[in-house]
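Q: I have a chain open here and want to go through some local details. Can you take my questions as they come?

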Amino acid sequence: MSVTPLAVCDTMEPMGDVLDPDALDSIPLGFMCGLEIHQQLATDKLHSRMPSELYDQKLEDIPDEWNRSTRRLRASEGESGRTDVAARFEQRRNRSFQYVQTPNAGLIELDESPPKRHDSDAVEVVLIMAAMMEAKPIPSLQVMRKTVVDGSNTSGFQRTTLVATEGNIETDSGRVGIDLISLEEDSARKLSTTHSDDGETVIYTLDRLGIPLVEVATSPDVRSPDHAKETAIALGRLLRDTRRVRRGLGSIRQDLNVSIACGDRVEIKGCQDLDWIPRIIRLEMARQLHFYRLANELRKEASLPQLPPDRSDDARPVENRVALAASSRIPLEIHNLTEIFTTCDSEMVHDSLANGSTIHGVALPGLSGRIGTKSKDPKGAQLPRLGRELASAARLAGVAGIFHSDELPAYGISADEVEGVRSKLSLGEADGFALCVSTSWQAELALEAVIDRARLAYHRIPREVRNVVIRKGKPEDGTTTALRPLPGGARMYPETDVPILEISQEHWESICDNLPLSATQRQERLKELDLSPNQIEAIVGLEIDDVLITGVEGGPFGSPPLPPRAWASTILDNNRSEVAKGSGRSESEVPWSVLILAVHAREHNIITREGMVPMARKLWLEGPAIDADFEQRLAWFAAHAEEAGFTPADAGAVDTAVDEILVERADFVTERGLDAIGPLMGLVMQKLGGSADGKIVNETLRAKIGELIDD
């Protein structure tokens with residue numbers, strides 16, 4: 001069945017066509033949105049001082065000598081004496097967790113040793129960010145434990161510290177408030193999941209566990225889906241302006257908190273590509289609108305009170321009455337239906353049964369035709385349907401999915417088998433059903449989740465955490481699936497192993513007085529150096545403008561100032577990488593002072609352009625210490641350049657060599673004119689034994705050939 005707009009109850013009802021999410025108007029729908037940005041910091045780990053290094057091995061490439069440990073986690077009561085709803089849900093999934101101990105993971109990462117105090121550099125960076133957002137710092141930093149039992153933390157909790165509140169940032173569409181700024185540990189990285197009859201085993205690597213993250217949560221001031229993208233860009237730019245955050249894939253993550261008045265708040269994770277943010281939000285608006293209308297259609301049929309258009313008008317006694325009615329109309333009765341499918345033509349069903357799986361099913365009274373079949377909006381995204389939500393709920397129990405009555409017969413399941421199920425479950429024409437193929441215990445857990453989610457169809461969408469559907473590393477179409485219930489207040493309790501950290505007024509004032517330059521200020525600073533706009537943009541984007549200024553102003557170990565254009569071209573032309581090539585060491589290990597000296601030598605005709613990279617490499621690997629006097633290093637550099645044949649020929653030698661080549665190749669010059677410069681360059685350089693500067697040779701050839709043409 002295709003999704004069709006459900007009936008609108010009265011003129012006060014939310015308007016909009018679910019079939020066209022991009023046409024939904026956020027303002028009349030009561031749109032609210034806030035962002036949570038999580039950015040890794042370029043410091044050591046937060047509570048262990050281990051290096052924040054990531055290891056790129058896949059599971060099959062993990063060295064045998066790396067230790068592995070396996071654990072099961074369970075939910076425990078928080079300080080309030082209550083167990084968090086998300087933690088209880090995860091515990092029911094019957095999962096075990098295996099941890100791969102990387103070289104930067106020690107006893108603290110394994111939760112076998114108490115954590116250390118906050119990393120001072122990480123605290124400093126987050127305080128700088130807070131000051132840049134004009135936030136109010138917390139005088140006493142108290143570490144809290146945030147319950148996490150999905151296995152991504154060996155301890156079962158994440159350490160997080162509230163650092164500042166009540167900030168703001170400016171965007172093109174207006175100011176956005178910052179509710180809180182926190183410093184927390186990143187989680188372990190998931191490598192793989194394996195399945196067995198006893199449940200799932202999730203394999204994590206501990207390299208990322210404990211890397212400091214700054215979490216920035218905005219107020220719900222985002223005005224539209226496009227404004228959400230603007231806000232994410234502005235926040236990311238501000239965090240990068242500190243020059244103390246990690247860069248690269250996965251180093252920054254954006255979560256969206258989205259609701260419309262007739263829906264409720266959901267947290268959407270996995271919004272890595274900023275261009276997708278408006279699309280993801282609009283699809284979530286359409287989903288919430290669809291399920292609001294579906295709930296009222298079901299309530300009307302059951303003679304139950306309608307949902308108000310605004311969730312703030314909900315009445316708990318009414319919702320409790322509806323919940324009782326929904327539980328009565330959709331009872332939890334799980335049936336073993338394996339016998340009906342013993343001769344099923346479905347290859348998946350046949351193979352699963354052969355491997356010991358069973359087929360269980362549940363009735364979904366009153367939902368026939370309302371579960372839905374796959375259909376798409378004009379841009380190819382799947383439209384909201386109950387069947388997808390039921391399948392998401394089932395998958396959280398570890399099964400691949402479900403079959404439901406609105407899509408059958410199909411997938412090798414015949415009409416006779418469908419009729420057999422309907423007969424076994426005593427279904428009427430208006431009733432639907434769901435089937436699950438798995439081990440008995442897992443099928444029962446999955447179908448219990450299906451029933452729970454089907455009952456929620458009588459209510460507003462549940463408050464939950466959802467994931468963007470990813471395919472090949474990118475959003476598939478901008479839609480989301482359920483991940484877990486939205487955490488509650490019972491999730492947090494104090495960490496007693498880490499002392500409270502006091503932030504003095506003097507410390508805060510010092511930070512406020514020494515804030516880093518913004519990207520705009522950095523660009524303005526470079527405009528004074530007569531660089532091209534493209535060079536300025538590239539240098540600021542690569543975060544090497546301070547390197548440029550250092551070279552232009554001079555000073556490191558006595559180095560004189562460099563011409564801005566020459567130094568800018570050098571640092572943009574990947575020369576540092578060329579110097580590192582063949583050394584067995586990384587580009588980041590090449591000191592900028594090596595290139596500063598090499599450019600100075602080239603500009604003062606001490607070395608040829610061609611000799612700059614090989615001689616810079618030699619200076620780096622074999623020359624005087626980096627803190628030696630500049631003139632001493634330059635003398636060493638010049639002497640070895642002469643030995644290697646990289647000392648420039650004088651102007652007279654270049655003129656002579658060019659004249660000789662022009663005489664030898666006169667016919668070629670007559671035929672090609674200025675186009676002969678390129679081919680003749682090599683001949684002149686060869687005659688000079690490689691000792692000439694290519695730029696000078698080119699200029700000399702151009703001038704002399706030009707004179708011949710004019711004659």
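Q: What follows H13, and what is its phi like?
A: Gly554 comes after H13, and its phi is positive, near 75 degrees. Bear in mind that this is a predicted model.

Q: Which residues of helix H13 are buried?
A: H13 runs over residues 545–553, and its buried residues are Asp545, Val547, Leu548, Ile549, Gly551 and Val552.

Q: And what covers the buried residues of H13?
A: The cover includes four helices: H11 (519–527), H12 (533–541), H14 (564–572) and H16 (592–603).

Q: Switching to aromatics. How many aromatic pairs does the structure hold?
A: Five aromatic pairs. One of them joins Phe97 and Tyr204, with 6.3 Å centre to centre and 40 degrees between the planes, which makes the pair tilted.

Q: Where do Phe97 and Tyr204 lie?
A: Phe97 is in strand S3 (residues 95–100) and Tyr204 is in strand S10 (residues 199–205), so their pair ties together parts that are 107 residues apart in sequence.

Q: Are Phe97 and Tyr204 buried or exposed?
A: Phe97 has 2% relative accessibility and counts as buried. Tyr204, at 4%, counts as buried too. The cut-off for buried is under 20% relative accessible area.

Q: What about Phe403 and Tyr411?
A: Phe403 and Tyr411 form a tilted aromatic pair, with 5.9 Å centre to centre and 40 degrees between the planes. Phe403 is buried, at a relative accessible area of 12%, whereas Tyr411 is exposed, at 53%.

Q: Which charged ends sit over rings?
A: Arg453 has its charged end over the ring of Phe291, 5.4 Å from the ring centre. Likewise, the charged end of Arg665 sits over the ring of Phe668, 4.9 Å from the centre.

Q: Now Gln254. Where is Gln254 placed, and is Gln254 buried or exposed?
A: Gln254 is in strand S12 (residues 252–259). With a relative accessible area of 3%, Gln254 is buried.

Q: What is Gln254 in contact with?
A: Setting aside neighbours within four places in sequence, Gln254 is in contact with Glu36, Ile37, Ala232, Ile268, Gly270, Cys271, Gln272 and Leu274.

Q: OK, Ala302. Where is that?
A: Ala302 is in the loop between helix H4 (277–301) and H5. Ala302 is buried, with a relative accessible area of 18%; buried means under 20%.

Q: Which residues is Ala302 in contact with?
A: Arg329 and Tyr458, once neighbours within four places in sequence are left aside.

Q: And how many Å separate Ala302 and Leu353?
A: Their C-alpha atoms are separated by 38 Å, and the two residues are 51 residues apart along the chain.

Q: Next, Asn320. Where does it lie?
A: Asn320 lies in helix H5, which covers residues 316–329. Asn320 counts as partly exposed, at 43% relative accessibility.

Q: What about Glu419? Which helix is that in?
A: Helix H8, residues 415–424. Glu419 is partly exposed, with a relative accessible area of 49%.

Q: Where is Ile340 relative to Glu419?
A: Glu419 and Ile340 are 9.8 Å apart in space, C-alpha to C-alpha, and 79 residues apart in sequence.

Q: Zooming out: how many helices and strands are in the chain?
A: The chain has 22 helices and 21 strands. Its C-alpha atoms fill a box of roughly 105 × 70 × 60 Å along the principal axes.

Q: How many of the residues are buried?
A: 52% of the 711 residues in the chain are buried. The accessible surface comes to about 32,200 Å², and 48% of that surface belongs to carbon and sulfur atoms.

Q: What do the contacts look like in terms of sequence?
A: Counting contacts between residues at least 6 apart in sequence, 73% join residues at least 24 apart.

Notes
Residues numbered from 1 in each chain as written. Predicted model: local features only at pLDDT ≥ 70, side-chain atom pairs only at ≥ 80, totals over all residues. Heavy atoms only, no water. Phe/Tyr/Trp six-rings, centres within 6.5 Å; stacked < 30°, edge-to-face > 60°. Helix = DSSP H or I, 4+ residues; strand = E, 2+ residues; numbered from the N terminus. Buried < 20%, exposed > 50% of the residue type's maximum accessible area, 1.4 Å probe, protein only. Lys NZ or Arg CZ within 6 Å of the ring centre and 35° of its normal. Contact = heavy atoms within 4.5 Å. Areas by Shrake-Rupley, 256 points an atom, 1.4 Å probe, with all protein chains shown as cover.
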